Amino acid sequence: SEEDAKIKLKERQTTFTLEKCIQKYGDEKGIEIFTKRQKKWQKSLIENGNLVQGYSKISQNLFYSILEYYCIDNKKYIYFATKNEELKLNKKEGGVWIYDFADLPNKKIIEYNGDQYHANPEMFESYEYPHPFRKNKTSQEIWEKDKRKIEVAKENGFEVLTIWDSEYRNDKNETLKKCLEFLDLKK
């Protein structure tokens, strides 16, 4: 069946997992080995030009527009992909969460979600498979992962605002205003 085929494909593509590391090395050492390998793998993909970090050009346009409203002294504490780097927070289970825009002094994060990559609930049903590369993940699974990512940010003292790609494309001025209000900046 199609469902069996998806399960088999997922099993076949799962060669290096956190679970396998923990089985082989125990909890603490397994998480450490998994996290180290994930960081090394991401770094090599980026350095070899095989991966552009997970951001869109349009999200960076929004973030540079926001950056204009910060005073010069505070700009150094603002993080996003093409300015310096994205904020990373450790996952308890190993690996890291990467956040799109972070204002460190004010402990605020803006996540810019692509409609297809993050399964915009206004466009996709929970059982659909919208992600163009992770074809074995349902919308519901994507939502659960995104929810956990936001929970980790909140556990670390951050407030989080999610902006959808379609929201920004449909009304850039209103979306910028929404972001500035969230960040307590004046337009």
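## Cysteines

The model is predicted. Cys 71 has a relative accessible area of 42%, which makes this residue partly exposed. Cys 179 is buried, with a relative accessibility of 0%. Counting a disulfide as a pair of cysteine sulfur atoms within 2.5 Å, the total is zero disulfides.

In soluble globular proteins, nonpolar side chains tend to be buried together. The largest nonpolar core here contains 20 residues, and Leu 62, Ile 66, Phe 101 and Ile 110 have the most contacts inside it. At least two residues of this core come from each of helix H4 (57-67), strand E1 (78-80), strand E5 (108-113), strand E6 (159-164) and helix H7 (172-182). H4 supplies the largest share, five residues.

Which residues is Phe 101 in contact with, leaving aside its neighbours within four places in sequence? They are Phe 63, Ile 66, Tyr 70, Ile 78, Tyr 79, Phe 80, Lys 108, Ile 109, Ile 110 and Leu 183. Another core lies apart from the largest one and has 10 residues, including Leu 89, Trp 97, Tyr 99 and Ala 153.

## Chain architecture

The chain has seven helices and six strands. Their order from the N terminus is α-α-α-α-β-β-β-β-β-α-β-α-α. Of contacts between residues at least 6 apart in sequence, 51% join residues at least 24 apart.

## Burial and surface

Of the 187 residues in the chain, 36% are buried. The chain exposes about 12200 Å², and 49% of this area is supplied by carbon and sulfur atoms.

Definitions and conventions
Residues are numbered from 1 along each chain as its sequence is written. This is a predicted model: local features need pLDDT of at least 70, side-chain atom pairs count only at pLDDT 80 or more; totals for chains, interfaces and linings use all residues. Side-chain values use heavy atoms; hydrogens and water are left out. Buried means under 20% relative accessible area, exposed over 50%, partly exposed in between (1.4 Å probe, protein chains only). A nonpolar core is a set of buried Ala, Val, Leu, Ile, Met, Phe, Trp, Tyr and Cys residues joined through side-chain atoms within 4.5 Å. Helices (H or I, at least four residues) and strands (E, at least two) are DSSP runs, numbered from the N terminus. Contact means heavy atoms within 4.5 Å. Accessible areas come from the Shrake-Rupley method with a 1.4 Å probe; for residues, only the protein chains shown count as cover.
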